[in-house]
Amino acid sequence: MAGERRFRGPIDLHTHSSVSDGTETPSQLVRAAAAAGLGTMALTDHDSTAGWFEAAATARTMGITLIPGMEFSTRISFLSVHLLAYLFDPSDAGIVAETSRVRQARLVRAEQMVERIGADYGLTWEDVLAQTTPDATVGRPHIADALVARGFALTRSEAFAGILHWDAGYYQPHYAPDPLRAIEIVRAAGGVPVIAHPATRGVDDVIPESRLARLVDAGLFGLELEHRENRPEAKARLYELAEKYGLHVTGSSDYHGEGKPNRLGENTTAPEVLEALINEGTGSAPIYG
Ligand code: AMP
Ligand code: FE
Ligand code: FE
Ligand code: ZN
């Protein structure tokens, strides 16, 4: 029902469960969101929708609104760009094919990184598997947890600042589509695309205006400008571009449970923006808890 607001605030549109690299199961995550006082949350695991069903069931019992979503890995040459996608059809053939390809590439890449790390630190692939749930989207956070379990780092963040840092010699990228193609795939599946934390690299590496204009033409809905990792000058520049191109602005926590310091609801999205997002999303529906 367009225009009718049936969700409550506060609204946090970016969270991760153990289906990717969060530390809580989808059900635990939804409970944590309700306990934190959120009225609406989106589940946005990396390259996977496997948590939607469980999260929806818990959202119904907890009286919290769930926006089904995903954080789609994309890449512009060596730069990783994350695309939040909401309310798409999870069984759409284009989405299924591309996310399967990315998850498979992540797996191969993680095994190769672990092989190289293992040569210096004795870490094994079994150590990493012990830190993942079956079918989880595997990433550096799981390697970080294995390094912590083996005593090579004290926390995930320490592992990211050291052994897993891109210039430490073990880093390797993985296949991911160009953001333009990812936006087309998400829109074709009835979804609504928002670029996640687009200002983390500073003003020199902000997505150039000409490229942003093409992404807007392809159907980009918004920019996640309220996120703790966005840098002030780059964020200010992107606020200008958002205004110029009619892009919506979202704010979210990017909560990963104990895996990151980000707290649920530390940034939130305006109800008007969520209203517009719901009006454009046709591939799946919010679960109004
Ligand atoms: P990957 O996609 O495998 O290269 O790993 C990147 C993921 O690691 C992102 O989703 C981040 O949320 C997560 N990440 C990055 N830095 C940290 C950190 N310092 N502590 C915990 N997780 C992190
Ligand atoms: Fe993550
Ligand atoms: Fe991200
Ligand atoms: Zn995220």
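Student: Which residues of helix 8 and helix 9 meet?

Tutor: Contact means heavy atoms within 4.5 Å, and helices are DSSP runs (H or I, at least four residues) numbered from the N terminus. In this predicted model, Glu209, Leu212, Ala213 and Val216 in helix 8 meet Arg237, Leu241, Lys244 and Tyr245 in helix 9. Residues are numbered from 1 along each chain as its sequence is written, and ligands are numbered from 1 in the order in which they are written. Local features need pLDDT of at least 70, side-chain atom pairs count only at pLDDT 80 or more, while totals for chains, interfaces and linings use all residues, and side-chain values use heavy atoms, with hydrogens and water left out.

Student: At what angle do the axes of helix 8 and helix 9 cross?

Tutor: Axes are lines fitted to C-alpha atoms over the stretch in contact, with angles from 0 to 180 degrees between N-to-C directions. Here the axes of helix 8 (residues 209-218) and helix 9 (residues 232-245) cross at roughly 45 degrees and come within 11 Å.

Student: Which residues coordinate the zinc ion (ligand 4)?

Tutor: Donors are N, O and S atoms within 2.8 Å of the metal (3.2 Å for Na, K and Ca), and water is not among the atoms, so sites may look incomplete. The zinc ion (ligand 4) is coordinated at 2.1 to 2.3 Å by His14 (NE2), His16 (NE2), Glu71 (OE) and Asp254 (OD), with the spacing H-x1-H-x54-E-x182-D along the chain. The iron ion (ligand 2) is 4.3 Å from the zinc ion (ligand 4).

Student: Are His16 and Glu71 buried or exposed?

Tutor: Buried means under 20% relative accessible area, exposed over 50%, and partly exposed in between (1.4 Å probe, protein chains only); both His16 and Glu71 are buried.

Key:
Helix = DSSP H or I, 4+ residues; strand = E, 2+ residues; numbered from the N terminus.
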